[in-house]
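Here are a few friendly notes to read beside the model.

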Amino acid sequence: MASNGAVRFTEEQEALVLKSWAIMKNDSANIGHRFFLKIFEVAPSARQLFSFLRDSDVPLEKNPKLKTHAMSVFVMTCEAAAQLRKTGTVTVKDTTLKRLGNTHFKNGVRDAHFEVAKFALLETIKESVPASMWSPEMKGAWGEAYDQLVAAIKQGMMPAAL
Ligand code: HEM
């Protein structure tokens, strides 16, 4: 999906994201943990990107910073869904965008990591909501909101990458 120009994101899509998040957020610590385990399962080397994991003996599930990061991904994707529905585009405050872009670039996060995280995010949601709630439409809505958010973060990376 193109990152420039408005994306059509419907009320139904926004509702699918918010409805599933409402169920997951009660158990967000566990879900965030599973989300990151999945990322590290597919891409074990991604663990090295996180300064607070590199030199830490604290088990992953007990690491509060990893939980915070997992929550950021979920919550910011939900916010992206709401923005997409209202305006067709994702806007993150300029300063926040720069900071997010720089932090990720500086820590070595690249396209492949965002792709792995997308796969892990969608799998985690699928396993965390009742089977009867999961659908291709729900997957599409989360995927689109995530893609647009990542596109915005990557824009913040660009000057640093030159
Ligand atoms: C939509 C996707 C993502 C969002 C919303 C997000 C959000 C954030 C936020 C809010 C921070 C803290 C930034 C700061 O305080 O300056 C952060 C840091 C970081 N993120 Fe992400 N992130 C995303 C995807 C990823 C992915 C896919 C990876 C790698 C697998 C990743 C790795 C990191 C690392 C390594 C840091 C720095 C942690 C440290 O202090 O060592 N992020 N991210």
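1. Which helix gives the largest share of the lining of the largest pocket? That share, 7 residues, comes from α4. Please keep in mind that this is a predicted model, where local features need pLDDT of at least 70, side-chain atom pairs count only at pLDDT 80 or more, and totals for chains, interfaces and linings use all residues. Residues are numbered from 1 along each chain as its sequence is written, and side-chain values use heavy atoms, with hydrogens and water left out.

2. The largest pocket holds about 800 Å³ of space. Among the 31 residues that line this pocket, F50, H69, V73, L100 and H104 are the closest to its centre. (On a 1 Å grid over the protein atoms alone, a pocket is an open set of points with protein on both sides within 12 Å along at least five of seven lines, a cavity is a set where a 1.4 Å probe fits but cannot get out, and lining residues have an atom within 4 Å of a point. Points are joined across faces, edges and corners, and a volume is the space filled by probe spheres set on them.)

3. At least two lining residues of the largest pocket come from each of α2, α3 (51-54), α4, α5 (94-106), α6 and α7 (136-161). Helices here are DSSP runs (H or I, at least four residues), numbered from the N terminus. By class, the lining of this pocket divides into 19 nonpolar, 10 polar and 2 charged residues. Ala, Val, Leu, Ile, Met, Phe, Trp, Tyr, Cys and Pro count as nonpolar, Asp, Glu, Lys and Arg as charged, and the others, Gly among them, as polar.

4. Now to the ligand: 21 residues are around it, and S51, H69, R99, T103 and H104 come nearest (a heavy atom within 4 Å). A polar side-chain atom of H69 is 2.8 Å from a ligand nitrogen atom. For oxygen atoms of the ligand, the distance is 2.6 Å from a polar side-chain atom of R99 and 3.0 Å from one of T103.

5. The search of the whole structure also finds 1 cavity of 30 Å³ or more. Its lining includes G32, H33, F36 and L60, and α2 (28-42) and α4 (64-87) each supply at least two of the lining residues.

6. Finally, T124 sits in helix α6 (residues 111-128). Is T124 buried or exposed? T124 is buried, with a relative accessible area of 1% (buried means under 20%, 1.4 Å probe, protein chains only). Beyond its neighbours within four places in sequence, T124 is in contact with I31, R34, F35 and K38 (heavy atoms within 4.5 Å).

Definitions and conventions
Buried means under 20% relative accessible area, exposed over 50%, partly exposed in between (1.4 Å probe, protein chains only). A polar contact is a pair of N or O atoms within 3.5 Å; within protein, one must be able to donate a hydrogen and the other to accept it, and residues adjacent in sequence count only if both atoms are side-chain atoms.
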